[in-house]
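Please read the numbered points alongside the sequence and the model.

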Amino acid sequence: MTLPPTRRVIGPIARAGERPVGAVRPRVSFEFFPPKTEKMEESLWEAITRLAPLDPAFVSVTYGAGGSTRERTHRTVKRILDETRLKPAAHLTCVGASRAEVDEVIHDYWNIGVRHIVSLRGDPPPGEGGLGGLYVPREDGYKNATELTAALRGIAPFEVLVGVYPEKHPESPSLDHDIDVLKAKVDAGATLAISQFFFDIDAFLRFVDKARGAGITIPIVPGIMPVTNFNGLKTMSAACQTSVPGWLANLFEGLDGDPETRRLIACSVATEMCAKLQEQGFNDFHFYTLNRADLVYAICRVLGVRETVPAAEAAA
Ligand SMILES: Cc1cc2nc3c(=O)[nH]c(=O)nc-3n(C[C@H](O)[C@H](O)[C@H](O)COP(=O)(O)OP(=O)(O)OC[C@H]3O[C@@H](n4cnc5c(N)ncnc54)[C@H](O)[C@@H]3O)c2cc1C
């Protein structure tokens, strides 16, 4: 199976910001979501236990739409801190909350030992248009991730991670505007950016090129989504305006009833994307795990990421 060739050769400005490729072990990070039920909690912890020995740079835990998982996110992050050696990065959004409420969450995280926060605006809650709906900031709330980032850094010296959109944020008038927004977030204290998932490698490279051209030097880490459910992907991609290339559709065509082959393809596509990004000088990868370890574990193995700590020790 071949992905379309990456035609662009990234220039020296862009390369300077990335890690050298070669013998250097890729730096990986994993995203999880807070579980709703006991059964989901069990699968999350199976996934964490399996992936922890790969020594990720950090693991992030999402914040449900409109802050709906505030307690569950907090609980999951706390358990990671208490029971593992992992560095949890708590996602935090400012939608639907006052500055005082958000500040309280920030103080709580700092006090329990969290040092990494993924600073996000969030989307309108489902009842108010949901993803893609018109965002109206609260009078007494933080307006966007830039303001939230500044608030985080004002409260404590967190490592602040932010989101970027290689194919443009759906509400943004242009990619240049997105670059200006990223620059503002960096000026406010962001130290690393994680990209929305994508399949168009050229679009990601163009975005990084533009950012480097604008003097943004923080790492921009590609967000990799191993896709097993193509129909689900189409819905999600339409909402966040990520393009789904024809070659990906072709790969999954006729496989609705064949989950095993879909999983093999998912692993192969994600691994090849990472390899292509490595050819372009990228060596950091953020994986959207969907709380399942097996695919991401296999992809990491292919990339040469091996256990560095015995499993029992990593999860202890
Ligand atoms: C890696 C990643 C993880 C995510 N995790 C979650 C999650 O856990 N929970 C969740 O609810 N959502 C999550 N999201 C989705 C995210 O909340 C939405 O994409 C949201 O629509 C935008 O969030 P943002 O932080 O990029 O917004 P912002 O950076 O605030 O940008 C939103 C808009 O605000 C405006 N803006 C921002 N800063 C400025 C500025 N300085 N000057 C002028 N205009 C500005 C821009 O017009 C921009 O288009 C995630 C996204 C990514 C990429």
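1. Helix H10 covers residues 259-279, and its 21 residues reach 30 Å from first C-alpha to last, close to the expected 30 Å; that expectation is 1.5 Å times one less than the number of residues. Helices (H or I, at least four residues) and strands (E, at least two) are DSSP runs, numbered from the N terminus.

2. The model is predicted: local features need pLDDT of at least 70, side-chain atom pairs count only at pLDDT 80 or more, and totals for chains, interfaces and linings use all residues. Residues are numbered from 1 along each chain as its sequence is written.

3. Among the buried residues of H10 are Ile 265, Val 269, Met 273 and Leu 277; buried denotes 20 or more other C-beta atoms, placed from the backbone, within 10 Å of the residue's own. The buried residues of H10 pack against helices H7, H9 and H11 and strands E7 and E8. Just after H10, Gly 281 adopts a positive phi of about 100 degrees.

4. Eight strands close into a parallel barrel, in the order E1-E2-E3-E4-E5-E6-E7-E8. Strands pair if DSSP finds at least two bridges between them; five bridges join E5 to E6, and Gly 163 has Ile 194 in E6 as its bridge partner.

5. Around the ligand stand 22 residues, of which Thr 62, His 91, Arg 121, Asn 144 and Gly 163 come nearest. A residue is near a molecule if its C-beta atom, placed from the backbone, lies within 6 Å of it. Elements supplying at least two residues of this shell include strand E3 and helix H5.

Definitions and conventions. Buried ≥ 20, exposed ≤ 12 C-beta atoms within 10 Å, placed from the backbone. Contact = placed C-beta atoms within 7 Å.
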